[in-house]
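I am opening a notebook page on a structure that is new to me. I want to look up its overall build, then its rings, one of its helices and some of its backbone angles.

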Amino acid sequence: ILEKQCRSINLPFFHFLETGYPLVILKSAVSLDGSTATDSFDSKWISCEKSRKQVHRLRGIYDAVIVGRNTVEKDDPLLTVRSRRGRNPVRIILDEELSLNPKKNVFSGTSETIIITSSRVSEISETKYTTKGIRIIKVNESNGELNLRQALAELGKYGIRSVMAESGALLSNYLLKNRIADRIILFLAPKLIGSSKKLFTGSGIGKISEGIMLEDISIKRYCDDIMIEGELRYSI
């Protein structure tokens, strides 16, 4: 009875039960031409203030948020819930070289922070983070990229059942190309940027019929932005 509605109430739990991996939600803000930032990596702000407040609400819903090192380096975010009440998510950073300055905002405060890095990184390099209570997860690399499926399996062991990727171009492309993202939340802003920093590039899709489809779509409007949310369906 009402199976679809019941599953949606606790989707991360059922997803983890069936797959062994946390539910991965790709969240991004893009211009009408699909740009996530300018060519100089400026991304503040593509979306409007109401959209950004909605992002804070989403942070309070999911167990963790994940970003790449470029986002931390360029934007220096806190990745906490502000402008509304809600729990702070676990903050997860992808840094294969373990080279970020530990004084960055994402390493401050009481919210838990985890760095996912390469298995080749030395234990000595970890010290400047672990002494601040930051957890390090080491994973293998493939073609110079961190194995995020391995990382997600480790995060599941820590009780993390849902991860929202606040994605720029590189992380979004990786999650889609490797079929890791399960859902997408896209804030579409009425702007044209014309940069090379696109949400999804180099997919190798040869036919329109082989494209990644969205199902169970919901559409909302925040000021002049349009938020599109849906489940991702990959072609076989």
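The entries below go from the whole chain to single residues.

**Entry 1, ground rules.** I noted that this is a predicted model, in which local features need pLDDT of at least 70 and side-chain atom pairs count only at pLDDT 80 or more, while totals for chains, interfaces and linings use all residues. Residues are numbered from 1 along each chain as its sequence is written, and side-chain values use heavy atoms, with hydrogens and water left out.

I looked up the secondary structure and found 7 helices and 11 strands in the protein chain, taken as DSSP runs numbered from the N terminus (helices: H or I, at least four residues; strands: E, at least two). The radius of gyration is 17 Å, close to the 18 Å that the globule rule gives for 236 residues, so the chain is as compact as a globular protein of that length; the radius is taken over C-alpha atoms, and the rule is 2.2 Å times the number of residues to the power 0.38. I then looked up burial, and 44% of the 236 residues count as buried (under 20% relative accessible area, with exposed over 50% and partly exposed in between, for a 1.4 Å probe and protein chains only). Among contacts with a separation of 6 or more, 64% are between residues 24 or more positions apart, a contact being heavy atoms within 4.5 Å.

**Entry 3, aromatic pairs.** My search of the whole structure gave 3 aromatic pairs, meaning rings of Phe, Tyr and Trp (its six-membered ring) with centres within 6.5 Å, where planes under 30 degrees apart are stacked, over 60 edge-to-face and the rest tilted. One of them joins F107 and Y129, whose ring centres are 5.7 Å apart with planes at 55°, so the pair is tilted. F107 lies in the loop between β3 (90–94) and β4 (113–118) and Y129 in helix α5 (residues 123–130), so the pair ties together parts that are 22 residues apart in sequence. F107 is buried at a relative accessible area of 5%, and Y129 is buried at 0%.
Another pair is F187 with Y222, with centres 6.4 Å apart and planes at 50°, so it too is tilted. This pair links strand β9 (residues 183–189), which holds F187, to strand β10 (residues 213–222), which holds Y222, across 35 residues, and both F187 and Y222 are buried.

The charged end of R149 sits over the ring of Y21, 5.9 Å from its centre.

Which residues of α3 are buried? I listed S51, Q54, V55, H56, L58 and R59, and what covers the buried residues of α3 includes β1 (23–31), β2 (64–68) and β8 (162–166).

Most residues other than glycine have a negative phi. L79, in the loop between α4 (69–75) and β3, has a positive phi near 60° and is buried, with a relative accessible area of 2%. C223, in the loop between β10 and β11, has a positive phi near 45° and counts as partly exposed at 30% relative accessibility.

Note on methods
A charge sits over a ring if NZ of Lys or CZ of Arg is within 6 Å of the ring centre and within 35 degrees of the ring normal.
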